[in-house]
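Welcome! Let's walk through a protein chain together, one question at a time.

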Amino acid sequence: MKRTVLLAVSTAAIAALALPAGAAPPKPITKEFTYTDGTPDATATAASGVGCDGALPNEPGIEFTAPAAGKLKVSITHTGDWALEVHDPKGRVLGAADGGGPNDQEMVSVKLKAGGTYVILPCNIGALPEAKGKIEYKP
């Protein structure tokens, strides 16, 4: 019985240290967006995880600020061939998707080690210029 009590105290102590005094844990966040990339780049691919590294420059990405570590899921729906990336605050590719077919919808799910500003980069490879997206964050 003493082990159970000590474990409960230890878990509570660790939880208390993880948050500032009086702070509640972050809440889940869901956001929808529309992204326009009017210049398709057939040389781009995200299949290798390297990124939307085609011959043409990318449009600016969508910034998302995660309040803490957690899970980030991003999906886009579109007509034609698109790819999708998620970059960490240092610009590294955390996850990428480029479906097997030109009309496959893209989805990336990554674990975030810390809060910070992440960049979501949809890439028009050969499609209509607009994609609709959804960002889901869970602490």
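Contact here means heavy atoms within 4.5 Å. This is a predicted model, in which local features need pLDDT of at least 70 and side-chain atom pairs count only at pLDDT 80 or more, while totals for chains, interfaces and linings use all residues. Residues are numbered from 1 along each chain as its sequence is written, and side-chain values use heavy atoms, with hydrogens and water left out.

Q: In what order do the elements of the chain run from the N terminus on?
A: Helices (H or I, at least four residues) and strands (E, at least two) are DSSP runs, numbered from the N terminus. The chain has one helix and eight strands. Written from the N terminus on, the order is α-β-β-β-β-β-β-β-β.

Q: What share of the contacts between residues at least 6 apart in sequence join residues at least 24 apart?
A: Take S75 as an example of a contact partner: leaving aside neighbours within four places in sequence, S75 is in contact with F33, L84, E106, M107, K132, G133 and K134. Over the chain, the share of such contacts that join residues at least 24 apart is 78%.

Q: Is S75 buried or partly exposed?
A: S75 has its place in strand β3. Buried means under 20% relative accessible area, exposed over 50%, and partly exposed in between (1.4 Å probe, protein chains only). The relative accessible area of S75 is 21%, so S75 is partly exposed.

Q: Which residue is 3.7 Å from A68, C-alpha to C-alpha?
A: A68 lies in the loop between β2 (62–66) and β3 (70–77). Leaving aside neighbours within four places in sequence, A68 is in contact with P26, A114, G115 and Y137. One of these contacts is 47 residues away in sequence and 3.7 Å away in space, C-alpha to C-alpha: G115.

Q: How many salt bridges does the count come to?
A: A salt bridge is a side-chain nitrogen of Lys or Arg within 4 Å of a carboxyl oxygen of Asp or Glu. R92 pairs with D88 in this way, with the closest N and O atoms 2.7 Å apart. The side chains of E130 and K132 also meet in a salt bridge, at 3.6 Å from N to O. By this rule the count is two.

Q: Which side chain of opposite charge is nearest to E106?
A: Lys and Arg count as positive and Asp and Glu as negative; His and the chain ends are not counted. E106, in strand β6 (residues 106–112), is buried yet has no salt bridge. The nearest side chain of opposite charge is 13 Å away, and it is K73.

Q: Which elements give two or more residues to the positive patch?
A: Patches are made of residues with over 30% relative accessible area and no salt bridge, where like charges are joined within 9 Å and nonpolar side chains (Val, Leu, Ile, Met, Phe, Trp, Tyr) within 5 Å. The positive surface patch is formed by K71, K73, K111, K134 and K138. The elements that give two or more residues to it are β3 and β8 (130–138).

Technical notes: Areas by Shrake-Rupley, 256 points an atom, 1.4 Å probe, with all protein chains shown as cover. Charge placed at Lys NZ, Arg CZ, Asp CG, Glu CD.
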